[in-house]
Structures are given as C-alpha cells and as structure tokens.
Amino acid sequence: MTIHFYIRFYTRPGEALFVTGNTDELGNNKIEQAVPLTWLNHDLWTGTVTINNPQTASIQYAYIYQGLDGQRVREWDDNKSIDITRNPMQEIRVLDTWNHPGEYENAFYTAPFQEILLKENETRTKAKAVKHPTHYFKVKAPLLQKNQVVCLLGSTKALADWDEVEPVLLHRENNWWTIKLQLPKESFPIQYKYGIYDTKSKTFVRYEEGENRWLHGDALVNTLTILHDGFVHLPNTTWKGAGVVIPVFSLRSKNSFGAGEFTDLKLLVDWAVKTGMKMIQILPVNDTVATHTWADSYPYAAISAFALHPLYLNINKVAGKKYANLLKPLKKKQAQLNELADVDYEAVMHVKLAAIKELYMVQKEDLANDADYLEFFEKNEHWLVPYAVFCSLRDRYGTADFTQWKTNTVYNQEAIQKLASPKGKQYDQVAIHYFTQYHLHVQLREAADYAHKNGIILKGDIPIGVYRYGCDAWLEPELYHMDMQAGAPPDDFAVRGQNWGFPTYNWDRMAADGYEWWHQRFVQMSNYFDAFRIDHILGFFRIWSIPAHAVEGIMGRFVHALPVYVEEFEQRGIWFNHVRYCQPYINDSVLWELFGPNNEKFKPYLDAVGNQYTLKPEFATQRQVEAHFDALDRSEENQHLRQGLYDLISNVILFEEPGSQGKQYHFRINVENTTSFRHLEWHEQEKLKDLYINYFYHRQEHFWMQEGMRKLPALKRSTNMLICGEDLGMVPHCVPEVMKQLGVLSLEIQRMPKNIHTEFFHPAQAPYLSVVTPATHDMSTLRGWWEEDRTKTQRFYNHILGQWGDAPATCEAWINKAIVIQHLDSPAMWATFQLQDLLGMNETLRRANPQEERINIPAIPKHYWRYRMHITLEQLLKEKEFNTELEEYIKDAGRN
C-alpha cells in the first residue's frame, strides 16, 4: 500500500515537516526516525510512503514540525488513522489539517468532557454504505447540542448541491464525524462546507463560519482520498462551567469523624447538583504520615505520590454491619471530634489508625478470597508493596527519615520482597497498609462514580514536589536532587520566599525513560479524577532551588538558569570583588540599620575583621543558626536573634555557581533591598542593576521556554485528564505562551494580576482557556482580604466594583456577592470558588469571624492545616433560598 501524505501548514524558509506513525516505514512514532516531507508551497507539504508489510490493521500517524532552532514539536494527538482492513485500495491519499495543541476544541476531547460533561448531548446517526467510495471526509465538532449532527453540503450532487433541506448527514466514529462518498471526476474542483443539522426537528441549523472549503484533484481509480478536515468552524468558547473548591479534610457531615472523609464527597456532589456546579476541586489527598504529629497535616508533603491518606477513610463503612459493634465504643469520641470548630489532626489520626488496625485483624483472612481486593493489589503492586514496607519500617524505627534506619536505608528490591513475604513475622505490619489503601481506593472510587453519575467532575491536585523522607525518594533517589530544596521566590505573601523542603527533580534522569514516573502518577490519578491542577507549573520551566544549608527561600535561585560570567562584570566596567559580592556584608552601620540599639546583642555571633564583621564559623549558615536556636527556649528575644542572623546571612549580592571555580555567578533575588547593595557607590549600583535585570528578565526566557517544551508536552500526552496550571508568582514571559500553545488552562486571580502595571486583574479580561477564582487555599478569603489593607480595598471598591464613596469596613454580603458574580460572568472556561467565599454571600450562613476561614498561610513554613466548615453539608443542602439564588447566578452567567 502506498500512502501519499499532504498536510496544510504555513512555513517559512528553514522550517520543515515530518510524519511519523505506528509502522516501521513511519519510524514507529519515534520523532528522531520520522519521515521527512517535501515542501510544495507555503501552505502545503507532501510525502509518499509505501507500507510493504503492515504490522497493524490501522495505521495511526501524526505530523512533526521542526523550527529554525532544530527543535521538533509533534502535533496534538488527533487520532488520524487509515484502516487497512476497510480500505483495500492500493493507493491512499490523505489531505490533513495540523492539530495545534492550543486549539480550544482539543480541551473538549479530554476525559471530563467526553465521558461526563458533553456525553448527554451525544447524538448518533447510521452510516450509509457506499460500494466504491472515492473520498472519506472526517471532521470534529465537540460542542453540538442534543439531537444535532454534522452535515455536509457542496457544489456537486453527491454533496446535495447545497440543498439545506436534505444535506448529507455524517455519523460519529470515535471523535470524528465521518462520511464516505463517491465523487465523480467531472465534479472537481469542489466547494463544500460543513453545517449543523437537527435530527429531531429535521431542520438545517447553520453553516460553519468562514469561506467555503475547496477540494482539488481528481477521483482516481483504485485510490481513496481521506480528508482529516480538523474542526468544524463553529464558536468554540460557548461552554462555561462553575466549580467549588475545598480540601476534603475541611468537609463536615453528621457521620464523619472529626475531619472530612471521601464518603462526604457524595453530599458535596448533591449540593453541587442543586446549585448548578459542574466541578468539585480538592487539595492533594495523598498520604503525608511522616511524623505522626500535626505537622503531617500539610497536604503537599506526601510520603507517596500514589498512596491515599488514612485520614479520609470512613471506618464505619469499612466495618460494615458485620463488624459495627467493634466501633461502638468510639461513638462518644466521634461526637466530641465532630463538635470541634477545626480539625484535631492528631486526635483523629490516633483513633482512626487504632480502629483500622482492629478492623484489619478481624478481616484479614477475608482478603485472600476477595476478588476485588486481589485485582486492586495486582494493578497497584508496583507502588503498593514498597509503600507498605516503607510505612512498616517508618513505624518500627520511629522515623520516616530512612537515612536514620538501622536497616534498609537504601532500597533493595530483593530485601523488600523478603520483608513483604506473607511468611514473614512482620507481614501484618506490612499488609495492614494494603488493607487501608484498598478501602481508601474503594471509597474514593465510589465518590467519583457518584459524581460522574450526577454530571459532576472531580479535579485533583498534583504537588510540585515529594517529601524528602518519603517512599518515592527512598525507592528511586536518582530521580531527585537530594542535596537541594524546592521553594518559591519572595512575593507579597511570603517576603522571604518559601522553602518547601522537597528535593528538586532530576529531569535529565526522568527524561531517560520517557518520564515513566510521571506517567504512572497520572494513571493513578485518573482512577479518581477527571482534571487536575499542576501545583506551581513554573517549576517545569525552572525551579526555585535552595541549597541544603539554607532555611529561607530567599537564599535560593532558579535552576536551571544561565549564569553571569565573571567577564561580564569587567565588560560593564564593574571591578569584580568576590568577597564583597558573595559574602555577607556586615559593619556597624549595617547592624544599626537592621537592629537599631539592639545591635550589640548580635555581636557575640560575629568576628571583627578590621572595621567589618564576619559570622563565626559555627553560625555561618542558616541551618547552623536554626540548630542553635532550636535547642534554646522559644522566647521572643531568641526568635528575634534567630531571624536577625538569617537576615545577615542572606545579605549578599551574588551566589557562586558550584564547581565553576569562580567563573560563574547568580544574582540573589531582590538584591536592591539588601543593605549590601545599598552600601555600594551609586554608579556601581546602576551597573549591577542593569546586569540584574538582564539576568532575571531577558537572558533566561528562551532557555526556560525550551525547558518547558522539553517536559510539558510529554507529560500532557501521557494523560487524557484536563490539565490546569497554577501559574502564579514570578512568571517568565514564556510561560503563558507555552501554556497557550499546549492548551493548558491558566489560573487567574483578581488580587494577583500577571500584568505588573495593574493592581487588580478583572475577570472580564480572562482568556477562555483559564480558571478564574477570587482566592486560593494559600490566600485569605474575600472577607479576610477586605480587612487587610484599607487603602487597597478602597481602590478595589471604586475602580473594580465601580462604587462611589467610602468602602465599607468589612466585606458585606452584597460586596462578596458582587465579586462572585463578576467571576461567574467572566469569559473563562471555569469559574471556581472556595466554599467560604460562596457562603460569604449570605449574612446568616457566613462564619462569624473571617480570620477563621483561612486554610493556609505560606509565610508560616509549619502551618497547621485544620480549617473545617462551620456548618454540616446536610444543613447546607437544606438552605433552599441560598442554593436557589446561587443556581440562578450560575445559570444567568451562561455556565452550563
């Protein structure tokens, strides 16, 4: 079989196109082995391939673009195919349209839309058999209404001669609307257009937009022409949805156990249906049990990227009727924990883990004959066994820090299999985690199924990092840079930056096996979720990397980043002084400026060198300072000394690139705010400032874009979930462009505008492929924010809400409501809201104190994540007036 490929694609001199597919002749989908095409004109490329020995019944293929820089980019998965069994022709011509990943319509072919949100609109027609077809038309149209199908009209009898009464109806095959036709030679060239036809009313609805399509050429003997015509040209921004955002632990129901559980999601689904919501978004639900203390409440420090957290297990459901009596003694404790205003993490976990152990002991014999359990174990064994053994070793040695264990500090598969053996003495200590994970899986899967049955999708959250002393780092330490810490540069919410403590990813090692760890992670998530939020998507372009000796995020720098070479200082007329730029600058003037009359208290930690000071060797790093003060009482004076020494250590201008032998350097972030910089001569400041701006805002852009394009397309291709990126913070210019190119939804927040010249972002200006929200879990709620800065909320009141006069002192219900409606009216695909911000629209339903509504404070590294709804979900479901009002707002905004 000979295939003649034609692809419509505009190119410039130096650019090239290739085709690849699932056969030897097409390079077996390997980009480097793709078949080069030949340029015909600016808009058309062609190539011919003969398939001598087909290895498959259906040839799946795609095109590849090579830019001027030599980088190759594959078009988005379009399911272009040639069915060899149904097309016995010796010659095949394919006329194709490039499928750009950023096309809005591609979002509607992700799992949440195809399987849930758009499924009820699906209408099918029967295909008419054609004996000797010459042409096979294929086109996509994801946003049809119920009873609507694609039709075809054109300038020949076979295309109905433009007769709108009896157009040619296409039928659905997978994602394509298709029709096979026999077109006579004399009819060419043909003009045609796709349209929409209503099968119920039997009426023609409309033509697609734009000029007529043209089909040139001929109807050749023994040749079939297949047209992949891309998308029907229809409005593609008409679908909009609304969603609620809340951590699972924050849910409150009559039957939960002091914290929200997976079973509570069903009640939240019921409420979402009542109000017209289409999405429920939650925070990560992976296991974070590292210390068995409240510090484990931090949901982004998972000890496993695959295991679920025991906190969310409904133990009554695990017990069932058969073992319900075992849990009766816990009823009083359950009532006490449920009455608390917030989550008592340690108390809840203590009771649940004890109950799980008791339930496991009476049910363990049943597992061996449970087909569902055995299937779960087989599918998840690759992560489940190492995780369970890790947990048993953590508990045996009293720490998750595997470097401190007496045995198995380095993962060895043979040794772990031995520990996991059913014949071993410690088997129950391992198998209890199989038992726990199985029941967590069942309960979350049931909640997801219930949501889908009711037309609601679940959106999960993928943390940017993994816990330093977790199972993933123990199992495959080569995937991470264990000597570094991931975090974020300073911003308005954390002025000294953030240090998350996670090791950074070794992307080169991950790329070596095609990002298999990420692929497995996405597969696991897709068991429960339809969409997900990539936490800190900027980390896929460059990560804020902090050396192990530092505590504060301000001591970090971007990795990877192109350094400043020592010669560049000389070229700009700057005399390079390594000691002055790279070591903390401390003298009496600096000490007075930073600490005033208290500066004498810092001198015991310093050595005098001439008229300056250096830190004593035992206090030279922030980790050394931390260890010293951790051993002392937490008096206000000691905390003041600790922070002051941190500030002295970070009072530098440059960090030297390790291993560069004094040749390469990176600027410390916010260098202008350091006293070290301010004590330089003015002309030296100006020259350094110019180089600083070049370093952060110019030289890295193309490099970071290449880094993003190296990782994100491969990761996106490994899942069919809808992907949303959390692109907040210090955003490089290349990030929004790459996200747009890949069709990854951005996050738009009113009080965090991406335009540095704008104080507030207006939801009306949001791009379609985005999620708008008034606040995230890392921010105060609308009511809390309103009271933080009176002058700022006054400007917001006048300029964004368009109100005259003085702003109210508090965020009154009508203001809260106006902001919510503003977001609902946005052109963004999704408008999502923290439940607290929705309840804030109602004076009687809102919490009395807005400060109690906040979930996390990023400036506090060890924040206790314990926020919980102040009313039950059962009560919320009964609030008919509020629910009806919210439903009307959502409906009036055109959100489906």
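## Aromatic pairs and clusters

In this predicted model, Tyr467 is partly exposed, with a relative accessible area of 21%. Tyr469 is also partly exposed, at a relative accessible area of 28%. Both values fall in the partly exposed class because a residue counts as buried under 20% relative accessible area and as exposed over 50%. Across the whole structure, a search finds 71 aromatic pairs. Tyr298 and Trp865 make up one of them, a tilted pair with 5.6 Å from centre to centre and 35 degrees between the planes. This pair links distant parts of the chain, as its two residues are 567 residues apart. Tyr298 belongs to the loop between strand S20 (279-281) and helix H4 (315-319), while Trp865 belongs to the loop between helix H25 (835-839) and helix H26 (873-878). Tyr298 and Trp865 are both buried. Tyr467 and Tyr469 form an aromatic pair too, but an edge-to-face one: the centres are 6.3 Å apart and the planes stand at 80 degrees.

Aromatic residues also gather in a group. Tyr480, Tyr505, Trp507, Tyr515, Trp517, Trp518, Phe522, Phe532 and Phe540 form one aromatic cluster.

## Charges over rings

The charged end of Arg580 sits over the ring of Tyr585, at 3.6 Å from the ring centre. Lys716 lies over the face of Trp76, and here the distance to the ring centre is 3.7 Å.

## The largest nonpolar core

The largest nonpolar core has 195 residues. Which of its residues touch the most other members? They are Leu265, Trp271, Tyr434, Trp517, Trp518 and Phe667. Helix H7 (residues 371-397) gives the largest share of this core, with twelve residues.

Neighbours within four places in sequence are set aside here; the contacts of Trp271 are then Val244, Met277, Leu835, Leu838, Leu876, Leu877, Phe882, Asn883 and Leu886.

Two packed helices are described by the angle between their axes and the distance between the axes. The axes of helix H24 (residues 813-824) and helix H27 (residues 880-892) come within 9 Å, and they cross at roughly 35 degrees. On the H24 side, the residues that meet H27 are Lys817, Ile821 and Leu824. On the H27 side, they are Glu885, Tyr889 and Ile890. Sorted by class, this contact holds four nonpolar residues, two charged residues and no polar ones.

Helix H23 covers residues 790-800, and its buried residues include Thr793, Gln794, Phe796, Tyr797 and Ile800. An α-helix has 3.6 residues a turn, so residues three or four places apart point the same way. The buried residues of H23 pack against helix H22 (782-786) and against H24. Just after H23 comes Gly802, with a positive phi of about 70 degrees.

## Thr675 in helix H18

Thr675 is found in helix H18 (residues 675-678). Is Thr675 buried or exposed? Thr675 is buried, because its relative accessible area is 3% and the limit for a buried residue is under 20%.

If residues up to four places away in sequence are not counted, Thr675 touches Val590, Glu593, Leu594 and Asn651. Thr675 and Ile653 are 22 residues apart along the chain, and their C-alpha atoms are separated by 9.6 Å.

## Cis peptide bonds

Phe188 and Pro189 are joined by a cis peptide bond, with omega at about -5 degrees. Pro189 lies in the loop between strand S14 (176-181) and strand S15 (190-198).

Another cis peptide bond runs from Val559 to His560, where omega is near -5 degrees. His560 is placed in the loop between strand S28 (557-559) and strand S29 (564-565).

His292 is not a glycine, yet it has a positive phi of about 60 degrees. The loop between S20 and H4 holds His292, and Tyr298 lies in that loop as well. His292 is partly exposed, with a relative accessible area of 42%.

Asn408 is another residue other than glycine with a positive phi, near 55 degrees. Asn408 lies in the loop between H7 and helix H8 (413-419). Why does Asn408 count as buried? Its relative accessibility is 19%, and the cut-off for buried is under 20%, so Asn408 falls in the buried class.

Technical notes
Residues numbered from 1 in each chain as written. Predicted model: local features only at pLDDT ≥ 70, side-chain atom pairs only at ≥ 80, totals over all residues. Heavy atoms only, no water. Axes fitted to C-alpha atoms, helices over the stretch in contact; angles between N-to-C directions. Helix = DSSP H or I, 4+ residues; strand = E, 2+ residues; numbered from the N terminus. Contact = heavy atoms within 4.5 Å. Nonpolar A, V, L, I, M, F, W, Y, C, P; charged D, E, K, R; others polar. Buried < 20%, exposed > 50% of the residue type's maximum accessible area, 1.4 Å probe, protein only. Core = buried A, V, L, I, M, F, W, Y, C linked by side-chain atoms within 4.5 Å. Phe/Tyr/Trp six-rings, centres within 6.5 Å; stacked < 30°, edge-to-face > 60°. Lys NZ or Arg CZ within 6 Å of the ring centre and 35° of its normal.
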